[in-house]
There are 2 protein chains.
Amino acid sequence: MTAPRIDALQYANWSEKIFRQMRLGNVDAVHVTITYHENFRETVRNIETWNRWFEQYPERIFQGFTVDDIALAQRSGRTAIFFGAQNPSCMEDDIGLVEVLHRLGLRFMQLSYNNQSLLATGCYEAEDTGLTRMGREVVAEMNRVGMVVDMSHSGERSTLDAIEQSTRPIAITHANPSEWHPARRNVSGRVLDALSQSGGMLGFSLYPHHLRGGSDCTLGDFCEMVARTAARVGVDRVGIGSDLCQDQPDSVVDWMRAGRWTKARDYGEGSADSPGFPPMPDWFRDNRDFETIAQGLRAAGLGDAEVAGIMGGNWARFFAESFGAVGSGQREAAQ
Amino acid sequence: MTAPRIDALQYANWSEKIFRQMRLGNVDAVHVTITYHENFRETVRNIETWNRWFEQYPERIFQGFTVDDIALAQRSGRTAIFFGAQNPSCMEDDIGLVEVLHRLGLRFMQLSYNNQSLLATGCYEAEDTGLTRMGREVVAEMNRVGMVVDMSHSGERSTLDAIEQSTRPIAITHANPSEWHPARRNVSGRVLDALSQSGGMLGFSLYPHHLRGGSDCTLGDFCEMVARTAARVGVDRVGIGSDLCQDQPDSVVDWMRAGRWTKARDYGEGSADSPGFPPMPDWFRDNRDFETIAQGLRAAGLGDAEVAGIMGGNWARFFAESFGAVGSGQREAAQ
């Protein structure tokens with residue numbers, strides 16, 4: 001079995017074309033966002049939509065629950081789809097929904113998305129007060145059932161808090177070092193070091209607002225940044241989280257940014273001049289181009305085993321550590 | 001491994017005492033009702049409550065998903081709890097919720113409870129028009145994902161329709177032959193024959209309103225009825241579905257009967273003179289008394305293998321046939 005190829009964040013306008021491209025790019029597993037500001041019932045509706053896709057395209061995709069599903073995907077020439085949430089709206093104010101959502105397959109949940117949530121502060125708030133009282137309880141519950149704490153859109157203090165509070169390694173599934181490109185969504189060296197020292201994972205983003213030079217960022221510049229970051233935090237602690245939002249209309253980025261929390265328009269990482277989805281770099285159009293990144297990483301001086309780890313092996317190890325339940329009397333919660 | 005002991009319907013006021021009594025009675029698996037008129041979100045709240053019990057009493061109970069959990073219960077000296085719904089309110093008007101509820105562990109769903117539902121007619125309606133348009137679609141979906149169609153509280157025509165429409169055997173988890181005791185909830189010979197010929201199962205009820213003589217029904221009379229019914233429909237087609245409602249306050253029977261569909265009081269199988277839960281027969285107080293029934297069945301002339309089948313082996317075979325998903329590209333939905 002060759003090393004798996006895993007993308008730790010996509011939120012595309014899903015279609016058979018995209019599922020076909022996943023396999024064309026030899027992508028064995030994808031962490032997909034299924035919900036932003038949707039409440040529990042609305043999130044379940046999104047899961048129902050995914051269930052229809054699983055039923056319609058069983059030869060291309062299936063829902064992933066455990067790390068074993070990566071090997072199943074490889075064996076059967078399909079892609080395992082792992083669910084995640086970019087905001088805790090899906091669990092409402094009810095800690096019991098963490099286990100329910102895990103049972104339904106949710107394997108990642110961000111504690112906040114740009115704004116303050118019931119659990120943590122988002123990266124766009126003026127002040128970050130760290131994890132809330134409920135946030136600490138929910139982190140413990142996520143640890144118990146095997147749901148990954150994802151701090152991609154949270155503030156620095158909240159992120160450091162989550163790293164410290166969580167008894168299991170956490171993830172920043174889609175962001176880049178702010179030292180390379182100082183976007184608010186990118187992460188400080190302090191966070192990078194704490195994340196990697198605790199066994200956590202960073203997924204490098206290909207979303208243009210996270211890239212130096214935006215859509216014009218070169219493959220070489222991106223891959224040198226990856227190699228430099230790997231040298232700093234450990235080559236086992238990094239992977240890809242492309243943040244691919246393929247074929248989405250701009251109305252979707254408006255939902256992501258403004259949800260129901262404002263009547264005004266929020267530009268997030270964009271601006272009034274550039275309100276929509278920016279074009280992807282020409283060397284990463286979609287799932288078919290992961291091999292281009294692997295080649296770029298080798299050109300940046302990384303060895304074959306290192307590249308295999310970054311392109312999926314590291315996420316596979318992290319999935320294995322992260323998705324099972326903890327506790328003696330408990331069954332593996334995914335069974 | 002001895003033959004399993006399985007009760008195909010209980011709706012108790014759950015407590016550690018009752019979970020302990022399940023094991024004292026050597027009960028390996030119980031189909032428990034988790035919802036009547038609750039909508040989806042309310043049903044999930046009930047599942048959250050069960051999750052707390054599973055977390056609190058891991059040495060006594062765990063959630064059952066597949067037939068293998070019966071053997072796990074036997075090996076570990078616990079009781080496997082399988083979820084069921086006595087009305088389709090939990091799936092609202094949304095066929096996509098069938099698969100979601102199955103994923104959450106729902107293994108039985110009644111198509112109606114006394115009244116007309118979106119799917120079928122209940123046994124207390126004046127006219128029974130059989131399965132509705134949606135009812136036929138939902139039966140097909142339940143067949144696909146592996147959720148048992150339970151017609152315990154449905155009308156005769158709807159029940160015959162369900163037996164005919166369903167591509168997998170169905171169940172009447174808790175009722176007795178109306179020829180023995182003509183309660184509206186008991187089932188006609190016509191239904192019994194169609195049910196058994198299609199491979200379906202009848203669970204004999206110990207709820208006093210379903211018994212000849214009510215709370216005064218004797219063990220001998222009950223067991224002779226079981227033996228006679230087994231002789232008619234096949235000794236492999238019958239089991240126990242006690243309908244034990246242990247420790248419930250009368251307010252719960254009011255919810256079961258009246259839900260939110262009437263502002264008046266509905267007496268269901270009771271009456272104004274006897275509105276609450278009737279006392280159980282003295283030979284079946286609770287889970288500890290299943291051995292008494294086994295002895296009664298032997299006294300009624302049934303052989304050891306036949307008694308073992310009725311006390312659980314037949315339900316175990318039915319669980320094995322019923323809980324898995326159908327379809328080539330599909331994974332076993334309980335994994």
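Which residues in H4(A) meet Val138(A), Glu141(A), Met142(A) and Val145(A) in H5(A)? They are Val98(A), Glu99(A) and His102(A), where contact is taken as C-beta atoms, placed from the backbone, lying within 7 Å.

This is a predicted model, in which local features need pLDDT of at least 70 and side-chain atom pairs count only at pLDDT 80 or more, while totals for chains, interfaces and linings use all residues. Residues are numbered from 1 along each chain as its sequence is written, and chains are lettered from A and ligands numbered from 1 in the order in which they are written.

**Helices**

Helices (H or I, at least four residues) and strands (E, at least two) are DSSP runs, numbered from the N terminus. Two packed helices are described by the angle between their axes and the distance between the axes. For helix H4 (residues 96-103) and helix H5 (residues 133-145) of chain A, the axes come within 9 Å and cross at roughly 30 degrees; these axes are lines fitted to C-alpha atoms over the stretch in contact, with angles running from 0 to 180 degrees between N-to-C directions.

Helix H2 of chain A covers residues 40-56, has 17 residues and reaches 24 Å from its first C-alpha to its last. That is close to the 24 Å expected at 1.5 Å a residue, the expected span being 1.5 Å times one less than the number of residues. Thr43(A), Val44(A) and Ile47(A) are the buried residues of H2(A). Because they cover an arc of only 100 degrees around the axis, they lie on the same side of H2(A); the arc is that of the directions from the helix axis to the C-beta atoms. A residue is buried if 20 or more other C-beta atoms lie within 10 Å of its own, exposed if 12 or fewer, and partly exposed in between. The buried residues of H2(A) pack against strand E2 (29-35) of chain A together with helix H4 (96-103) of chain B. Thr49(A) and Arg52(A) are exposed residues on the face turned away from the buried side.

**Two individual residues**

Arg285(A) is placed in the loop between helix H9 (250-258) and helix H10 (290-299) of chain A, and Gly84(B) in strand E4 (residues 79-85) of chain B. Arg285(A) counts as partly exposed because it has 14 C-beta neighbours inside 10 Å, whereas Gly84(B), with 26, counts as buried.

| Pair | Separation in sequence | C-alpha to C-alpha distance |
|---|---|---|
| Arg285(A) and Leu244(A) | 41 residues | 8.8 Å |
| Gly84(B) and Val148(B) | 64 residues | 8.9 Å |

Among the residues that Gly84(B) touches are His31(B), Leu106(B) and Asp150(B).

Definitions and conventions: Two residues are in contact if their C-beta atoms, placed from the backbone, lie within 7 Å. Lists of a residue's contacts leave out its neighbours within four places in sequence.
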